[in-house]
Number of protein chains: 2
Amino acid sequence: MDSSKSKELEERLREAGLRVTATRVEVYEFLRELGGHHSVDDIFKALTERGHKIPRMTVYNVVTDLEGVGLLMCADAGPGRALYEVADVWHHHYVCRVCGTIFDVPCLVGEKPCLTPPGTLPGSVDEAQVIFRGVCRDCSGSEKGVNE
Amino acid sequence: MDSSKSKELEERLREAGLRVTATRVEVYEFLRELGGHHSVDDIFKALTERGHKIPRMTVYNVVTDLEGVGLLMCADAGPGRALYEVADVWHHHYVCRVCGTIFDVPCLVGEKPCLTPPGTLPGSVDEAQVIFRGVCRDCSGSEKGVNE
DNA sequence: GTTCTATTTTGATTATGTCAAATGTGTTCG
DNA sequence: CGAACACATTTGACATAATCAAAATAGAAC
């Protein structure tokens, strides 16, 4: 149940000419098992607490490499730190204005680019990422308090 | 041709209970005249070179205040530093993967939220911001060189 | 003009990300 | 198997972005 995905990871890495290293597998597995969107520092701290002594710089290297191969993607959720997640099916994001929580929003089309560009664009389009903003149900009830 | 906009700025500030200060007017005018998307540091440096000695911190304060009032908006163009622009008509953004240039993309609807949320969302939606990514014409011609 | 309070300023501090050189480790090939 | 090469990781310094608290300043109302 795990080895199949790991095998796939190994293959994807080799296909791309990247070596299969413990660090890369760890970072990928961490993101895949935990799910959600995580910053480099999240990953760094989590793996450190798990006992894996790993420099922050290495996490940057790894996520950049894995993103280049298409195994991870950088979630668009507004400015700030980059948030990474396992690149599975193409989807969008909903960001709560109050608590900042990020929810995945399934894409109706399911693959990039999913939106028909309006009129003319200044170049080719290979991706259309949507960020929905609003107040999530948890926050609309109790309004204040959660994060402000 | 300028005073009308300035008057409007003053009114919007007063309406929101904010004071009309030289700094706020300067920052707003700078962004409106120059157009485009600018980081806090862009604004800081530009105003400094123009002879206005203004601390970076103050620029942060001002853009945050003006954004809160709805006079500025923070452009979604991926992670990294926050980019501000005058909040005029609702639109989206096209980001070139090679040179990083950001182009405005007119919205077909023109007002928020412009997209019909797919199915159910975890809360209310007041905004749907789209980021188109691809390679702009300038870069697709000469491929490499521009930024890589 | 005086007063009150929002705003600006100052300086320190945290978070985030990048660079270059030294070290270590997969992988390949003899 | 084991040596050698190239790719990865590590180290530590550095660069950039953003935040905080408290003191100084300047709108706006009276």
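This is a predicted model: local features need pLDDT of at least 70, side-chain atom pairs count only at pLDDT 80 or more; totals for chains, interfaces and linings use all residues.
Let me begin with one residue, B:Glu127, which, once its neighbours within four places in sequence are set aside, is in contact with A:Arg97, A:Ile131, A:Phe132 and A:Arg133 from chain A, and with B:Asp76, B:Trp90, B:Lys112 and B:Pro113 from chain B.

Where does B:Glu127 lie in chain B? Its place is in strand β6 of chain B, which covers residues 127-134. Its relative accessibility is 8%, and because buried means under 20%, B:Glu127 counts as buried. Its side chain is also joined to that of B:Lys112 by a polar contact of 3.3 Å, and B:Lys112 is one of the residues already listed among its contacts.

Chain B can be laid on chain A by a turn of 179° with a shift of 0.0 Å along the axis, and the RMSD is then 0.1 Å. The two copies are thus related as by a two-fold rotation axis. Of the interface residues of chain B, 100% are also interface residues in chain A, so the copies meet through the same surface.

Now to a sheet in chain B. Three strands form an open sheet here, in the order β1-β3-β2, with antiparallel pairing. The edge strands are β1, at 38-39, and β2, at 72-75, each of which pairs on one side only. Between β2(B) and strand β3 of chain B, residues 83-86, there are 4 bridges, and these two strands run antiparallel. Within this pair, B:Cys74 stands opposite B:Tyr84 in β3(B). Helix α4 of chain B, residues 56-69, packs on the sheet, where it touches β2 and β3 of chain B, and its direction makes about 105° with that of β2(B).

In a regular strand, side chains alternate between the two faces of the sheet.

Finally, a helix pair in chain A. Helix α2 of chain A, residues 22-34, packs against helix α4 of chain A, residues 56-69, at an angle of about 75° and with the axes 10 Å apart. The helices α2(A) and α4(A) are therefore roughly perpendicular to each other. On the α2(A) side, A:Thr23, A:Arg24, A:Val27 and A:Tyr28 meet A:Thr58, A:Val62, A:Val63, A:Asp65 and A:Leu66 in α4(A).

Note on methods:
Residues are numbered from 1 along each chain as its sequence is written. Chains are lettered from A and ligands numbered from 1 in the order in which they are written. Side-chain values use heavy atoms; hydrogens and water are left out. Copies are superposed by least squares on the C-alpha atoms of residues with pLDDT of at least 70 in both. Contact means heavy atoms within 4.5 Å. Buried means under 20% relative accessible area, exposed over 50%, partly exposed in between (1.4 Å probe, protein chains only). A polar contact is a pair of N or O atoms within 3.5 Å; within protein, one must be able to donate a hydrogen and the other to accept it, and residues adjacent in sequence count only if both atoms are side-chain atoms. Two strands pair if DSSP finds at least two bridges between them. Axes are lines fitted to C-alpha atoms, for helices over the stretch in contact, and angles run from 0 to 180 degrees between N-to-C directions. Angles under 35 degrees count as roughly parallel, over 145 as roughly antiparallel, 65 to 115 as roughly perpendicular and the rest as oblique.
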